[in-house]
Amino acid sequence: TRKVWATECLGDLTQQHQWPGLRSAILLESTREIKGKKTRERRLYISSLPPDAERAYRCIRSHWGIENQLHWVLDTTFNEDRSQISKDHSPENMSLARKWALNILRAVQGKKSLKRIQNYFCMNGNNLEEVFCKEM
């Protein structure tokens, strides 16, 4: 279960930290029960939106949907979080290349896992031509 609270009472937060446009603070409390063991997690967010708990909840869920659908997949498929590429425009370029490769893998994926189809193309490089011809 999830509970969300939003407030515009920011106390010293606006004086201590000069975040332009800061309008609200949000508390999200998640409670889960797995095999009879209950855990509770609380997360705090700041926002430039007016204090509306329902809207804040939708924004938070939307953000984590993106995280789960794209960033997690990029990390598990390409080990993106371990990348040490940091010079000039290289991180942005590699990010685009990974997303491009992910789209190609998804286009030919079928019922196989992304990792499995990636390994298939690594072992059979000559089949890449089929993919590019199919996509073009």
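## Helix α3

Helix α3 (90-108) has 19 residues. Its span from first C-alpha to last is 27 Å, close to the 27 Å expected at 1.5 Å a residue. The expected span is 1.5 Å times one less than the number of residues. Helices here are DSSP runs of H or I with at least four residues, strands are E runs of at least two, and both are numbered from the N terminus.

This is a predicted model: local features need pLDDT of at least 70, side-chain atom pairs count only at pLDDT 80 or more, and totals for chains, interfaces and linings use all residues. Residues are numbered from 1 along each chain as its sequence is written, and side-chain values use heavy atoms, with hydrogens and water left out.

Which residues of α3 are buried? They are S95, R98, L102, I104, L105 and V108. Buried means under 20% relative accessible area, exposed means over 50%, and partly exposed lies in between (1.4 Å probe, protein chains only). An α-helix has 3.6 residues a turn, so residues three or four places apart point the same way. Just after α3, G110 takes a positive phi of about 65°.

## Packing of α3 on α4

Helix α4 covers residues 114-123. It packs with α3 at an angle of about 100°, and the axes are 10 Å apart. That makes α3 roughly perpendicular to α4. The class covers 65 to 115 degrees; under 35 is roughly parallel, over 145 roughly antiparallel, and the rest oblique. Axes are lines fitted to C-alpha atoms, for helices over the stretch in contact, and angles run from 0 to 180 degrees between N-to-C directions.

On the α3 side, the contact residues are L102, L105, R106 and V108. They meet L114, I117, Q118 and F121 of α4. Contact means heavy atoms within 4.5 Å. By class, this contact has six nonpolar, one polar and one charged residues. Ala, Val, Leu, Ile, Met, Phe, Trp, Tyr, Cys and Pro count as nonpolar, Asp, Glu, Lys and Arg as charged, and the others, Gly among them, as polar. L102, L105 and V108 are also buried.

## The sheet

Three strands form an open, antiparallel sheet in the order β1-β2-β3. Two strands pair if DSSP finds at least two bridges between them. β1 (2-7) and β3 (37-47) stand at the edges, each with a single partner strand, so one side of each has no neighbour in the sheet. The twist averages 15° from one strand to the next.

β2 (residues 24-34) pairs with β3 in the antiparallel sense over eleven bridges. A25 has I46 of β3 as its bridge partner. L27 stands opposite L44 in β3.

Leaving aside neighbours within four places in sequence, I26 is in contact with V4, W5, A6, R43, L44, Y45, S47, A56 and I60. I26 and E8 are 18 residues apart in sequence and 9.0 Å apart in space, C-alpha to C-alpha.

## Positive phi in two loops

β2 and β3 form a hairpin with two residues between them. K35 sits in this loop. K35 has a positive phi of about 50° although it is not a glycine. K35 is exposed, at a relative accessible area of 86%.

D88 lies in the loop between α2 (53-78) and α3. D88 also is not a glycine, yet has a positive phi of about 50°. At 63% relative accessibility, D88 counts as exposed.
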